[in-house]
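Dear colleague,

I would be grateful if you could read the two side by side.

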Amino acid sequence: MPDHPSPRISSRKQPKQARSTELVAAILEAAVQVLTKEGAARFTTARVADKAGVSVGSVYQYFPNKAAILFRLQSDEWRQTTDLLRAILEDSARPPLERLRALVHAFVRSECEEATMRTALNDAAPLYRDAPEAQEARVSGTDTIRDFMREALPDAAEAIRVQAGDLITLTLKEVAKAFSEAPRTDAEITAHADAMADMFAAYLASLDSRRP
């Protein structure tokens with residue numbers, strides 16, 4: 001547990017008018033540019049305001065500090081990942097293993113395409129990771145994984161399904177992250193995603209074969 005209070009990372013207010021929405025969008029776009037170019041260590045509210053072409057006061061209307069801006073970028077990334085996960089895994093018209101393969105391909109490609117941004121956000125994580133809002137945001141998507149594992153392993157014990165879901169999720173994140181740290185060709189991304197999907201399929205098949 002941290003020995004100091006967590007920073008406030010919630011936005012001060014939500015934009016309600018089109019002009020305000022455009023201002024927040026400009027601030028966030030500027031924040032992405034500053035973070036990817038300068039890195040987490042040199043990320044400041046003043047640099048974001050300068051890049052967005054607005055006053056620091058305008059930024060503070062919506063974000064109380066730089067941690068709040070960074071958390072908004074991270075939470076938007078988490079939300080996009082969760083939406084991707086749900087769109088693929090909840091498509092009941094496709095067999096479970098086909099959905100899992102599609103998810104692996106989409107996730108690995110996304111990691112490679114956004115590697116610079118994700119690396120910068122990981123470096124910035126100490127600024128907001130202990131805040132309650134961050135803890136809550138990280139659990140999003142758990143229900144989707146749980147429901148999918150019930151389809152993929154209908155006869156397995158719940159504890160086995162939970163363990164399998166956790167293992168696949170963690171492996172996918174860590175392996176895709178490591179793979180994306182170097183530039184990759186389209187063919188390399190496809191081959192890597194196929195290999196990982198094959199590994200997951202074999203793992204689920206082994207669990208299914210153990211049922212009574």
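Arg161 is buried in this predicted model: the relative accessible area of Arg161 is 11%, and the term applies because the value is under 20%. This arginine belongs to helix H9, which covers residues 158-179. A polar atom of the Arg161 side chain lies 3.5 Å from the backbone oxygen of Pro154. Neighbours within four places in sequence aside, the residues in contact with Arg161 are Met149, Arg150, Leu153, Pro154 and Ala156.

Thr144 is part of helix H8 (residues 142-152). When neighbours within four places in sequence are again left out, Thr144 is in contact with Leu85, Arg86, Leu89 and Glu90.

The remaining item is the second largest pocket, which holds about 150 Å³ of space. Helix H1 (18-38), helix H4 (66-89) and helix H6 (115-124) are the elements that each give two or more residues to the lining of this pocket. The largest contribution is that of H4, with 4 residues.

With kind regards

Note on methods: Residues are numbered from 1 along each chain as its sequence is written. This is a predicted model: local features need pLDDT of at least 70, side-chain atom pairs count only at pLDDT 80 or more; totals for chains, interfaces and linings use all residues. Side-chain values use heavy atoms; hydrogens and water are left out. On a 1 Å grid over the protein atoms alone, a cavity is a set of points where a 1.4 Å probe fits but cannot get out, and a pocket is an open set with protein on both sides within 12 Å along at least five of seven lines; lining residues have an atom within 4 Å of a point. Grid points are joined across faces, edges and corners, and a volume is the space filled by probe spheres set on the points. Contact means heavy atoms within 4.5 Å. Buried means under 20% relative accessible area, exposed over 50%, partly exposed in between (1.4 Å probe, protein chains only). A polar contact is a pair of N or O atoms within 3.5 Å; within protein, one must be able to donate a hydrogen and the other to accept it, and residues adjacent in sequence count only if both atoms are side-chain atoms.
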